[in-house]
Amino acid sequence: MARKIPEINAGSMADIAFLLLIFFLVTTTMDVDSGIVRRLPPMPEKDAEIPEVKERNIFNVLVNKNDRLFINKGWGDIRTLRADTKEFLANPQNREDLPEKKVETIPFLGDYPVSKGIISLKNDRGTSYDMYIQVQNELTAAVNELRDELSRQKFGKPFSELEDQDLVNAIQKAIPMSISEAEPEDIGGTK
Amino acid sequence: MARFKKEKSGEVPAISTSSMPDIIFMLLFFFMVTTTMREVTLKVRTRAPEATEVQKLEKKALVSFIYIGPPLQERLYGTESRIQLNDSFRTVADIPEFIYMEREARVEADRPFLTTSLKVDLEAKMGIVTDVKQELRKVGAFKINYSTRKKVEKSKD
């Protein structure tokens with residue numbers, strides 16, 4: 001008669017699993033990395049010509065070392081920055097002092113007047129990173145809201161829910177993210 | 001009579017614990033899948049600023065991190081913001097080498113998609129960040145990402 005093989009005691013399996021579980025609990029970090037995505041411009045060539053841009057096409061945003069905001073040489077406010085930027089980029093009434101538009105043919109959208117406006121962002125070495133991110137955030141929000149409006153109007157859903165990459169490209173072409181950061185210089189000194 | 005009594009004993013039957021390992025394993029797998037190991041020991045404080053227009057950082061393997069912020073050990077290193085690459089304090093001049101090393105560590109096909117994530121403390125000054133950005137431009141690491149937390153929007157009423 002064959003001997004009965006004794007059953008393996010599985011009682012300690014829970015303990016082993018608990019040990020592993022606690023290890024992963026401790027080492028885990030649940031945070032999803034997120035942030036504002038930007039593309040840096042390549043370094044300018046030594047004797048590159050600075051392209052002439054009309055004054056009406058530039059939206060000057062300057063942040064000084066005390067985190068105060070200047071917009072087009074006047075005091076600005078972070079709370080109205082988004083609305084100001086939107087008005088500048090959209091120029092709904094085709095005002096003379098706001099940027100020109102150039103009609104371009106874009107697939108899926110047809111002829112669309114693309115704004116020639118450029119946002120010029122300049123900050124001091126003493127500006128706090130928090131303020132800088134807030135300004136970047138407001139500017140991004142302005143562009144995103146405009147894209148959303150156009151997307152709803154043309155395709156009936158918000159920009160973030162567009163699935164077709166061609167449509168996304170079309171909207172991006174119609175409302176470009178034209179934020180230009182000035183070459184850094186030391187103004188006002190570090191705090 | 002005795003047999004009758006034995007069958008109707010008032011003892012509560014023991015709860016079977018044989019399925020406990022299964023439950024624990026389920027939890028274990030959940031944490032194993034969602035976990036991301038901490039790669040570096042932070043030597044600087046990086047409290048991310050809040051923003052609303054955030055995008056998720058995709059493909060974690062193609063991201064290299066640069067930490068900037070005031071040192072955690074203030075007595076040893078002072079309060080001025082410092083740059084941390086991998087596990088040690090570095091200066092702005094070390095950034096090109098760091099980027100080259102990061103590129104070397106990736107497959108050639110992935111290199112154009114390499115993103116640099118700047119994890120900067122909200123109290124840091126822009127001066128040091130600008131220097132880092134200039135170095136990144138010089139070595140052609142154009143794709144950057146300012147690490148931020150998602151702001152919880154207050155309802156407008």
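This is a predicted model: local features need pLDDT of at least 70, side-chain atom pairs count only at pLDDT 80 or more; totals for chains, interfaces and linings use all residues.
The contact draws on 40 residues of chain A and 45 residues of chain B. On the side of chain A that touches chain B, two or more residues each come from helix H1 (13-27), strand E1 (34-39) and helix H3 (129-155) of chain A. By residue class, this side of chain A comprises 20 nonpolar, 14 polar and 6 charged residues.

Strands of both chains take part in an open sheet of 7 strands with mixed pairing, in the order E2(B)-E1(A)-E7(B)-E6(B)-E3(B)-E4(B)-E5(B). Its edges are formed by strand E2 (55-56) and strand E5 (88-90) of chain B, each of which pairs on one side only. Helix H3(A) packs on this sheet, where H3(A) touches E1 of chain A as well as E6 and E7 of chain B. The direction of H3(A) makes about 75° with that of E1(A).

Within the sheet, E1(A) is paired with strand E7 (residues 143-147) of chain B in the antiparallel sense, over 5 bridges. In this pairing, A:Arg39 has B:Lys143 of E7(B) as its bridge partner. E7(B) also pairs with strand E6 (residues 115-120) of chain B, here in the parallel sense and over 3 bridges. Across the pair formed by E6(B) and E7(B), B:Thr116 stands opposite B:Ile144 of E7(B).

Notes:
Residues are numbered from 1 along each chain as its sequence is written. Chains are lettered from A and ligands numbered from 1 in the order in which they are written. Two residues are in contact if their C-beta atoms, placed from the backbone, lie within 7 Å. Helices (H or I, at least four residues) and strands (E, at least two) are DSSP runs, numbered from the N terminus. Ala, Val, Leu, Ile, Met, Phe, Trp, Tyr, Cys and Pro count as nonpolar, Asp, Glu, Lys and Arg as charged, and the others, Gly among them, as polar. Two strands pair if DSSP finds at least two bridges between them. Axes are lines fitted to C-alpha atoms, for helices over the stretch in contact, and angles run from 0 to 180 degrees between N-to-C directions.
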